[in-house]
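Dear colleague,

I am passing this structure on to you, and below it you will find notes on what came out of going through it. Please read them with the model open beside you.

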Amino acid sequence: MANLKAIRDRIKSVKNTRKITEAMRLVATAKVRRAQEQVIATRPFADRLAQVLHSLQTRLKFEDIDLPLLQQRPVEKVALLVISGDRGLCGGYNTSVIRRAENRAKELTSSNIDYTYVLVGRKATQYFTRRERPIDSKFTELEQIPTADEASMIADQLLSLFLSSTVDRVELIYTKFVSLVSSRPVVQTLLPLDPQGLEADDDEIFRLITREGRIDVAREKVAVEDRILPKDMIFEQDPVQILDALLPLYFSNQILRALQEAAASELAARMTAMNNASDNASQLVKSLTLDYNKARQAAITQEILEIVSGAEAL
């Protein structure tokens, strides 16, 4: 009977755990939808900004323009912007991006290039702080659905490092959102800005859809029509001044997009992890129920044998 009680208690505990993981999966699913809506909401501004920059790029030769954010200089120190999560229970999401950041730091060290971290997220902050790595600044407890204000705050810090020549290059390490079951840590150079990369012809957005009764993600290319502004358009200011004002906005928008991708990757990883945990809990409940029935049948059989043996003795 003691064994039966232990199995019943275990089944009850696993069922309670399954309720928690299922609730967390539903919350993550809802937040993925919010992340999707935010990406779509910020799309018009990003499109218009890319359109203006592309038009300026066709009119000006960027290599002949002396703007701070386009300035190429010998690289002696690099700022690594690492975007992780504030919470766990999301599979290998945080581990993969931290490992990619460490590998990149080793590559820089082997090339005799100094580096410093700019960390976003409590998990990366805890990891690198414990190992006493060079950290310039930390950003934690941000909104799980990123905002433009948060992106601007991070952008201001990075611009300060670059414009003061504290660092000669800024690299971004984040998790690119591929699908609900797949994400990929990538390294991207943010500063100095590359004039050839301002068009973003391969830009994408993701949409959460339902396919055969299951939640899935569809990615689609973003085609911006009429990128070129009219050739007879007259600028009230010098185009170089307009470009100087727009490049920081473009830089901040790039960070916002990376934060959105990372948030979507984290939520999708958590949703997948909690879904797998719920499935495992269901399988464990079935297995424990089978063990319970076997133990119960064995106990009943033992009681019957004892009764029969007692009757024969009489």
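Just after helix 4, serine 165 takes a positive phi of about 65°; helices here (H or I, at least four residues) and strands (E, at least two) are DSSP runs, numbered from the N terminus. Please keep in mind that this is a predicted model, in which local features need pLDDT of at least 70 and side-chain atom pairs count only at pLDDT 80 or more, while totals for chains, interfaces and linings use all residues. Residues are numbered from 1 along each chain as its sequence is written, and side-chain values use heavy atoms, with hydrogens and water left out.

Helix 4 itself has 16 residues and reaches 21 Å from its first C-alpha to its last, close to the 22 Å expected at 1.5 Å a residue (the expected span is 1.5 Å times one less than the number of residues). Its buried residues are Glu150, Ala151, Ile154, Ala155, Leu158, Leu159, Leu161 and Phe162, where buried means under 20% relative accessible area, exposed over 50%, and partly exposed in between, with a 1.4 Å probe and protein chains only. Seen down the axis of helix 4, these buried residues fall within an arc of 165°, so they line one face of the helix; the arc is that of the directions from the helix axis to the C-beta atoms.

Helix 2 (residues 93–110) can be described in a similar way. Its 18 residues should span 26 Å at 1.5 Å a residue, and its end C-alpha atoms are 26 Å apart, which agrees. In helix 2, Tyr93, Asn94, Val97, Ile98, Ala101, Glu102, Arg104, Ala105 and Leu108 are buried, and they fall within an arc of 160° seen down the axis, so they line one face of the helix. On the other side of helix 2, Lys106 and Ser110 are exposed, and the helix is followed by asparagine 112, whose phi is positive, near 60°.

Leaving aside neighbours within four places in sequence, glutamate 102 is in contact (heavy atoms within 4.5 Å) with Tyr117, Tyr127, Phe128, Arg131 and Arg133. Serine 278, in helix 5, is also buried, with a relative accessible area of 4%, and, on leaving out residues up to four places away in sequence, serine 278 touches Arg18, Thr21 and Glu22.

For the chain as a whole, the secondary structure comes to 5 helices and 7 strands, and of the 314 residues 45% count as buried. Among contacts between residues at least 6 apart in sequence, 74% join residues at least 24 apart.
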